[in-house]
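Hi,

Here is the structure I promised to pass on.

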Amino acid sequence: MASSSFVRDLLTNWKLSKWIKNFEDEEINEEGFQLLKEKDIMDLIPKIGPRRIFIRKHKTFIKKRQKTRNEDKNVQEATSSSASFITTCKTSSGNAEEPCQKAIVNSIRSPIMAKRTMVNMGSLPKTTKSGVGETDLCQPSTRMGPPSTDKRKSDGDDANEQTKKQKRSAASRTTETFDSQKKTEVKKIMQSLRSTLNELPSTKLTDFLRDKFEMLEKDKKKIVGVFGKTGAGKSSLINTILGETKLLPSGNQGACTSVMIQVEANMTNEKYIAEIEFITVQEWEDELSSIFIGRSCEVGEDEDRDNSNDDDDDVEIISAFYGKYGNGKTLEELMDKKNFSKIPEFRSSVKKEFLCDTAEELSEKISCFTRSDTQNDEPQYWPLVKCITLKVPNSKDLLEHVVLVDLPGNGDCNKSRDEMWKRFVGNCSAVWIVSDIARATSEKECWEVFDSTVSLFGPGGECQSISFICTKTDDIEESQKDDARTSILTRNEITKMKVRDKFYKQKKVKKHFSGVENFFKVFTVSSKEYKKSKHLEKEETEIPHLQEFLRNLNDHHSRTSDYISGAYGILSLIQGAKNSNMTDCKEVCQDLEKRLMDNLKSISKFMEEPCKVFEQFLSLGVQQSEVSCEKLMDKVISPKGKKGSGYHQVLKALCKNDGVHRPKRKKNRGKEINLNECLASPMRSCIDEQFKCFFPNDKQGPIREQIENFTLDANSLISKHPSVTLHLKFLEMEERELKAELIAELRERKKKIYFSLTESIKKSMYLGYRRASLHTGKDSMKRMKAELHQHVKNTHIFQKAKDHMLDCLTKLKKHIVVQLKSKLEKSFEISLKTHNSLIFQDNVSEDYNKIKELMDDSSTVPVTPISDPHTKTTAFQSMLGNGNKLVQNMKITATIDPDQPNIEHKPTLLDSERNEPSVSKCQVPTDAETLQNHLSDVAFVNKNRSALIQRTNMVERIADDLFLDMMIQDDIYLKISKVSPSQEQMKMLLEVVEAGGKTVTSAFYKSLRKYELPLVQDLESASHL
């Protein structure tokens, strides 16, 4: 089973699980997997698209395996050599440690080999592959590895993986710096143009451009929601990840964070900033009023006295803000404006702001606004606070496009805060659940998050990733401290396994998520060890893994590329508006309008399918709801174990609040009572699978795919109508932006569609709730229940809910079609139906060319020279002479693949034949030569585009090469392989090549010469005539 498990896991990771059975039928084990030939693969994976994806990944896998073997072989040779040196030295001298070390260091140049040798010398701890510590030849090791398991990597693999992560992290930071420089340059150009545009009179074109400039600067940030009970270590975790010590105050006995805190990057200066948003004066008065009403209820007349009242929590809310002064005061006295003199912003409905030089200073100032501290007699303002935003300097790489939100508890009894809490949860792109490792699987509160909120961040939200973070992994028993590292890492692995097992048993998670690869992750972290490294290396604390998670979510490169593409579209329109050939424009416009109508018909026809599917399953849900509604209602309004007099006030509060009641008591907090949700549950159950299919969070659904596949293919018209090239480039960018906008709107609308059943039922029940809440006197509770039951029977609430959801789906269809039609037609009018228009007096050609160059270069990643530890010179150099150039700063270009964002460039740092510090010889062309080659290749492709489309036969072979070299993405490659004839394939391939810039075009040209040399020679000869 181990072998088949290896193959099965690998195919699953590569998203080729459909073909697992074929491999198992042929009994392909790990060894056989590595020996697969292309003919074998054709039999195992008959379809071309998946087969090509497999071949590329298989080649990469084999290369990595071979490299690991070579490194292990070198290590063994180095170890053998080291042992020989030590034996010789010890034979000739009693204390030969220093000569031994010198001999070994001089004989071993590879960093990995050097590290292994230092392990043998006793300078570094060493573990065997089994994880058991070995006695060093010179001195005993002080650390031991965790016990080995079948799935644990070897020591060599761990070291290799750590090196890769460090390189990826360094490459990521280098790419970010390069992207920031490009974006800054483009922003300066756009700001200058914006200033000029603002001085121009209002016309259709200038107004359109102003809107485009405004949209360009919009930035929707991704939200990471952090859940966890007091004392779980949330604050320490966030502090450590951001490299701060005292930004968020850590919990202590009697104190806890009581408000939502969102943490984002300060992009303007070096200050630490806090913005405090308060609830409104009316909301505070309403909350106090509800407390007084609850206190005034008398026992007897209408059973309003609740045996499980919330007096303790009411006292805490009042005493926290008013202190002893609040005892015995009336509502009017508590609302007197003199009580708010220290926070005038509250009554003025403005945010309070603090600017500080240090995180510690800021933390101290906001403590009274964030913390509920029963041991502190000072005034606490948290009952009045709605939300706090902290802006942290120097955190751009993690938080420029990401917000971390500390979400206390599972909601709030205050209506305003609860609505904001639900809104944050619904907007979470990722959810972190934090728990002390000692209670990770046993603590109810953190697991109740799944039960109570999964519908908010699942089908009713946009969560694409859930992470369970076990904190305080360094907290071990005294008896384990002699072997602390082993104890910590062993417990970490065991806990991860238990948490995963428990997670995948959660029924609601399975129901709402598709369970794609890497959707759920478990991290075992230690903030203390990350700072001190007493027992663990930094990488082993897994804090760097969470930092990398945020960097990937921040996605700086894609955001920069999107910004530059948007700027390029605007400049294309401005530049093109100066010289429009109206004859060409008219013909192109007619062609595009026809393509638009054909595409819209296709989308309209497709959108009928989800409407039919939902209509069928909603009808079934209506039938089930009508049968079971009485039992469902009794579960809420007549729960077992609740006496009539004790539950009366809860039911009345529920009716007054439109079917929803959240108890104030701490022990019940989070257990919201929602009659509307309960009544909607049978209909929800009937459509859950269909909803997950059409609107998944964790993968691309069919509706989104329809939007993604929509295209006018404006680029294909350039060869026939070169005079409107800029107009067509603008339209291409417009189409891309519009599709991104529609996908974002699809996420928001699907949330409303999911909750439309509950909202409809809530609306239909409104009068029933109002009438029920008015019942008083003897047997009032019985009459309230009867009122609710009768209202449900008479108002057809389930049929109305079904109609409402179907109406929402129909509106979604209309919205997609109308937005595409109206916005693209407007773009046609602006770019192709507007006569010659010199908008700017100054020529913008220079700005246009600069942005075009930056956009073409968007796949170019500069590689920072790697310093050789033995010399002050740059290690990545080639020797001067024989036409070679001393290269100290060089750009290496690489296409960025979303599935493989960190492409490693590994120049050789080793000259093993020399003992003195040296550099490797790299036969590389100069920057000028590389650029000239690229430009020559681009010129050839551009000049002969039409001929290449008509005469190239080996299109698939060329596409194969680009695909295997990761120059084109998987989905594009599959589309090309499915298109016919070859002319259409070539047309599509050339569009991808042109969009990829100089590097991809050059790779395409080389492959073209490889397979179609006679054609290339013929075209080159014709160009010289």
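This is a predicted model: local features need pLDDT of at least 70, side-chain atom pairs count only at pLDDT 80 or more; totals for chains, interfaces and linings use all residues.

Residues are numbered from 1 along each chain as its sequence is written, and side-chain values use heavy atoms, with hydrogens and water left out.

The protein chain has 40 helices and 15 strands (DSSP runs numbered from the N terminus: H or I of at least four residues, E of at least two). Of its 1025 residues, 49% count as buried, meaning under 20% relative accessible area with a 1.4 Å probe, protein chains only.

Now the sheet. Nine strands form an open sheet with mixed pairing, in the order E5-E4-E7-E3-E8-E1-E9-E10-E11; two strands pair if DSSP finds at least two bridges between them. E5 (352-356) and E11 (520-524) are at the edges with a single partner strand each, so one side of each has no neighbour in the sheet.

At the E11 end, E10 (465-471) pairs with E11 in the parallel sense over five bridges, and Cys470 sits opposite Thr524 in E11. Helix H18 (444-457) packs on the sheet, touching E1 (222-227), E9 (428-436) and E10 (contact is heavy atoms within 4.5 Å). Helix H19 (484-503) lies across E10 and E11.

Cheers

Note on methods: Axes are lines fitted to C-alpha atoms, for helices over the stretch in contact, and angles run from 0 to 180 degrees between N-to-C directions. Buried means under 20% relative accessible area, exposed over 50%, partly exposed in between (1.4 Å probe, protein chains only).
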